[in-house]
Amino acid sequence: MINVDAAIFTHDKSMGAGVVMREHSGSCIVCYGIGVPDVILPELAEATAIQKGLQFALCEGIQEVLLGSNCLTVVQRVNLLDQDRSICGSVIQDIKQLKALFTSCSIFHVRREQNVAAHLLARSCNQLECRVWRGVSPECIRDAICMDIMS
């Protein structure tokens with residue numbers, strides 16, 4: 001299971017993407033956070049977070065993906081067969097092409113409450129850098145992960 005979310009930093013004209021990969025018990029396998037310049041539109045940021053999540057899953061060698069995002073409009077656009085002609089269209093098209101590279105890939109909507117860890121991780125990515133945590137969750141999401149596992 002992969003959760004993704006985006007956070008916009010309007011002052012810096014950038015966004016952060018948080019990607020949290022978990023095993024069936026809810027424990028973190030790997031977390032990935034990245035800052036992305038020049039993205040300040042909410043739907044474009046959410047689509048970019050999905051794109052980054054799928055790209056990272058491919059790099060990790062994952063073949064079967066369940067990816068959750070709390071942005072219903074982007075999830076709907078990704079799952080439509082039609083070409084998206086919105087400002088997010090090129091990112092949506094890239095997501096569709098990335099999906100085809102997996103053995104199975106399902107992108108679905110999750111409630112905001114189910115996406116807290118990815119959101120907190122995205123909020124921590126206000127620098128334009130890439131960070132990866134393997135086998136341990138970053139401090140900024142540790143409490144959210146524990147709450148998810150206990151509930």
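This is a predicted model: local features need pLDDT of at least 70, side-chain atom pairs count only at pLDDT 80 or more; totals for chains, interfaces and linings use all residues.

User: Got it. And which residues touch the most other members of the largest nonpolar core?
Analyst: Val65 is one of them, together with Ile2, Ile50, Leu54, Leu67, Ile95 and Ile107. That core has 34 residues. The elements giving two or more residues to it are β1, β2, β3, α1 (42-59), β4 (64-69), α2 (72-79), α3 (89-99) and β5 (104-109). The largest share is from α1, with eight residues.

User: What else is there besides that core?
Analyst: There is a second, separate core of 10 residues, and Ala117, Leu121, Ala144 and Ile145 are among its members. As general background, nonpolar side chains tend to be buried together in soluble globular proteins.

User: Nice. Can we zoom out? How many helices and strands are in the chain?
Analyst: The protein chain has five helices and six strands. Read from the N terminus, their order is β-β-β-α-β-α-α-β-α-β-α.

User: And how compact is the chain?
Analyst: The protein chain is as compact as a globular protein of its length, because its radius of gyration of 14 Å is close to the 15 Å that the globule rule gives for 151 residues. Along the principal axes, its C-alpha atoms fill a box of roughly 40 × 40 × 25 Å. As for burial, 48% of the 151 residues count as buried.

User: I'm curious about β2. Why is it described as largely enclosed?
Analyst: Nine of the nine residues of β2 (residues 14-22) are buried, so the strand is largely enclosed by the rest of the structure. Both faces are covered. On one side are Ser14, Gly16, Gly18, Val20 and Arg22, and on the other Met15, Ala17, Val19 and Met21. In general, side chains in a regular strand alternate between the two faces of the sheet.

User: What does β2 pair with?
Analyst: β2 pairs in the antiparallel sense with β1 (residues 2-9) over eight bridges, and also in the antiparallel sense with β3 (residues 28-37) over nine bridges. In β3, the bridge partner of glycine 18 is glycine 33, and that of glycine 16 is glycine 35.

User: What about the turns in those hairpins?
Analyst: The hairpin of β1 and β2 has four residues between the strands, and lysine 13 in that turn has a positive phi of about 50°. The hairpin of β2 and β3 has five residues between its strands, and there glycine 26 takes a positive phi near 100°.

User: Is lysine 13 buried or exposed?
Analyst: Lysine 13 counts as exposed, because its relative accessibility is 54% and the cut-off for exposed is over 50%. Another residue other than glycine with a positive phi is aspartate 38, with a value near 65°. Aspartate 38 lies in the loop between β3 and α1, and it is exposed too, with a relative accessible area of 67%.

User: Switching to helices: what do the buried residues of α3 pack against?
Analyst: They pack against α1, α2 and β5. The buried residues of α3 are Gly89, Val91, Ile92, Ile95, Lys96, Leu98 and Lys99.

User: Last one: what does UniProt place at residues 3-125?
Analyst: The unreviewed UniProt entry places the feature "domain: RNase H type-1" there. Over residues 3-125 the chain is 37% helix and 31% strand, and the end C-alpha atoms are 16 Å apart.

Note on methods: Residues are numbered from 1 along each chain as its sequence is written. Side-chain values use heavy atoms; hydrogens and water are left out. UniProt positions are given in the numbering used here, feature names are shortened, and annotations may be inferred rather than shown by experiment. Buried means under 20% relative accessible area, exposed over 50%, partly exposed in between (1.4 Å probe, protein chains only). Two strands pair if DSSP finds at least two bridges between them. A nonpolar core is a set of buried Ala, Val, Leu, Ile, Met, Phe, Trp, Tyr and Cys residues joined through side-chain atoms within 4.5 Å. The radius of gyration is taken over C-alpha atoms; the globule rule is 2.2 Å times the number of residues to the power 0.38. Contact means heavy atoms within 4.5 Å.
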